[in-house]
Amino acid sequence: RMHELLEKYPVGKVSYLTSSLMSPVYQVTASAPVNIACIKYWGKRDTTLILPTNSSLSVTLSQDNLRSTTTSRSSSSFEKTRLWLNGVEEVIKPGARLDRCLAELRRMRKENVEDKDPSVPKLSTWNLHIASYNNFPTAAGLASSASGFAALTASVAALYGLNAFPQHPSSSYSPPADASQLSLIARQGSGSACRSLFGGFVAWEMGKDSNGRDSLAIQVAPESHWPSLHALICVVNSGKKGTSSTAGMQETVLTSELLKSRIKDVVPSRMSSITQAILAKDFDSFAKITMQDSNQFHAVCLDTFPPIFYLNDVSRAIIAIITELNRVSVEATGHLVAAYTFDAGPNAVIYTESENIKTIIQLLLNYFPIDFAASPFNDSFQLFGVGHPSAA
Ligand code: ADP
Ligand code: DP6
Ligand code: CO
């Protein structure tokens with residue numbers, strides 16, 4: 001079973017699975033964490049190339065709680081290209097996102113590797129078997145498409161020799177010099193995925209080009225820049241969301257007036273203010289912009305016709321709790337202590353600095369006692385994953 005191989009083979013190592021009597025099978029496993037946006041991407045100007053209507057900025061989480069791990073195998077003996085997601089085979093639709101990502105990777109393999117060195121195997125002409133696992137709920141508004149397409153792009157790129165992945169299992173992953181180039185490919189799988197190719201604080205610049213060559217991710221600051229910043233993930237509901245991000249944002253583009261002013265009058269200045277806040281480690285300003293942008297993203301969802309609701313009563317209660325906590329703190333010290341943000345789902349991510357984590361967890365546990373005996377990801381309120389941004 002392919003997914004059992006995930007356990008056995010080290011990340012980033014190209015390995016042969018078969019003896020020389022059979023066709024060789026080349027394999028690489030790569031893993032990528034989710035990223036959570038502070039300035040939200042919501043809207044495409046080109047739905048095929050996945051070009052956004054505004055730039056966005058996120059933090060890549062570092063801990064192991066929310067990641068995708070993807071093994072890609074290539075052999076001349078594979079009869080077709082296949083994908084398994086969490087052990088279940090998915091249909092690969094010709095011309096759809098996954099197919100387009102793979103076509104780009106094959107083209108890069110041919111142009112950058114095979115055409116330059118005719119002695120290398122023609123992997124670009126062979127089929128792939130890809131198996132991916134998410135260690136957290138898929139399609140629940142916890143950015144599985146981001147870690148999923150980042151891990152997939154990273155693993156096929158490494159298999160094809162397109163980047164500087166370490167070949168020795170004991171060396172840790174370091175982002176390849178051309179991570180921004182790979183972000184162009186991951187973007188075509190899922191927009192938010194381009195940001196998961198970097199750790200730390202990452203901007204996705206919307207770009208101007210109609211062919212998307214300048215719509216890529218860049219690192220604003222590495223995780224080591226602000227080690228005291230943490231993200232607390234609050235799983236309110238681990239079920240699959242009603243409206244996928246892809247469908248939801250397209251409805252918004254077609255029907256929301258508010259989106260137009262967000263794109264033009266709001267996001268550009270927020271991108272530069274939050275970048276400055278990050279570089280200055282100014283939590284007050286980082287937190288305020290993050291909360292405002294989450295609020296505006298959910299406002300444009302409500303402004304979509306018919307409206308889209310991602311937040312639920314528990315989400316709104318978390319907003320009220322954090323707002324009250326910040327009010328008391330500003331009165332006492334003049335400073336904010338936490339920032340909530342919600343993607344396309346009811347689950348909260350709370351950014352805070354190390355010294356406040358305990359207070360926030362205690363406060364949330366007061367309102368939402370957890371049955372720690374219950375397994376993770378049941379549909380009760382669960383807290384887990386105090387992390388800090390890190391390398392992908
Ligand atoms: P989310 O909020 O989890 O990102 P989306 O609606 O944006 O939800 O995307 C979910 C879709 O992303 C899944 O239905 C699947 O098609 C794709 N996806 C999720 N995880 C992976 C993965 N590990 N590998 C490939 N594709 C994935
Ligand atoms: C609310 O990247 O999942 O999380 O490009 O259609 O795959 P597609 O959408 P996706 O949208 C993410 C939306 C968001 C905000 C963000 O991550 O910036
Ligand atoms: Co997504």
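With 17 C-beta neighbours inside 10 Å, A139 counts as partly exposed, and this residue of the predicted model adopts a positive phi of about 60° although it is not a glycine. A139 is placed in the loop between β10 and α3, and the loop between β10 and α3 also holds A143, for which phi is again positive, at about 70°, although A143 is not a glycine. The surroundings of A143 are described by 30 C-beta neighbours inside 10 Å, and A143 therefore counts as buried, the threshold for a buried residue being 20 or more other C-beta atoms within 10 Å. A further backbone feature is found at the peptide bond from F305 to P306, which is cis, with omega near -5°; P306 lies in the loop between α7 and α8 (313-333).

The protein as a whole comprises 9 helices and 16 strands, and buried residues make up 47% of its 392 residues. Among the contacts in the protein with a separation of 6 or more, 72% are accounted for by residues 24 or more positions apart.

Ligand 2 is surrounded by 15 residues, of which A37, S190, G191, S192 and T246 are the closest, and the shell around ligand 2 divides into 6 nonpolar, 7 polar and 2 charged residues.

Helix α3 also takes part in helix packing. The helices α2 and α3 pack at an angle of about 25°, with their axes 10 Å apart, and are therefore roughly parallel to each other, since angles under 35 degrees are counted in that class. The crossing in which α2 passes α3 is right-handed, and the contact is made by C101, L102 and L105 on the side of α2 and by F149, L152, T153, V156 and A157 on the side of α3. In terms of residue class, this contact of α2 with α3 has 7 nonpolar residues and 1 polar residue, and no charged residues. The spacing of such contact positions may be read against the geometry of the α-helix, which has 3.6 residues a turn, so that residues three or four places apart point the same way.

Both α2 and α3 are in turn packed against by helix α4. Helix α4 (residues 179-187) is mostly covered, with 7 of its 9 residues buried, namely A179, L182, S183, L184, I185, A186 and R187. These buried residues of α4 pack against α2 (97-114), α3 and β12 (217-221).

The loop that joins α4 to β11 (201-204) contains R195, which, with 32 C-beta neighbours inside 10 Å, counts as buried. When its neighbours within four places in sequence are left aside, R195 is in contact with N35, S58, T60, A146, V202, W204 and A217. The C-alpha atoms of R195 and T70, which are 125 residues apart in sequence, are separated in space by 17 Å.

From α6 the contact draws on E257, L258, L259, R262, V266, R270, S273, I274, A277 and I278, and from α7 on S285, F286, I289, D293, Q296, A299, V300 and D303. The contact of α6 with α7 is made up of 10 nonpolar, 3 polar and 5 charged residues, whereas the contact of α2 with α3 has no charged residues.

Note on methods: Residues numbered from 1 in each chain as written. Chains lettered and ligands numbered in written order. Predicted model: local features only at pLDDT ≥ 70, side-chain atom pairs only at ≥ 80, totals over all residues. Near = placed C-beta within 6 Å. Nonpolar A, V, L, I, M, F, W, Y, C, P; charged D, E, K, R; others polar. Helix = DSSP H or I, 4+ residues; strand = E, 2+ residues; numbered from the N terminus. Buried ≥ 20, exposed ≤ 12 C-beta atoms within 10 Å, placed from the backbone. Contact = placed C-beta atoms within 7 Å. Axes fitted to C-alpha atoms, helices over the stretch in contact; angles between N-to-C directions. Parallel < 35°, antiparallel > 145°, perpendicular 65-115°, else oblique. Left-handed = near helix turned anticlockwise from the far one by under 90°.
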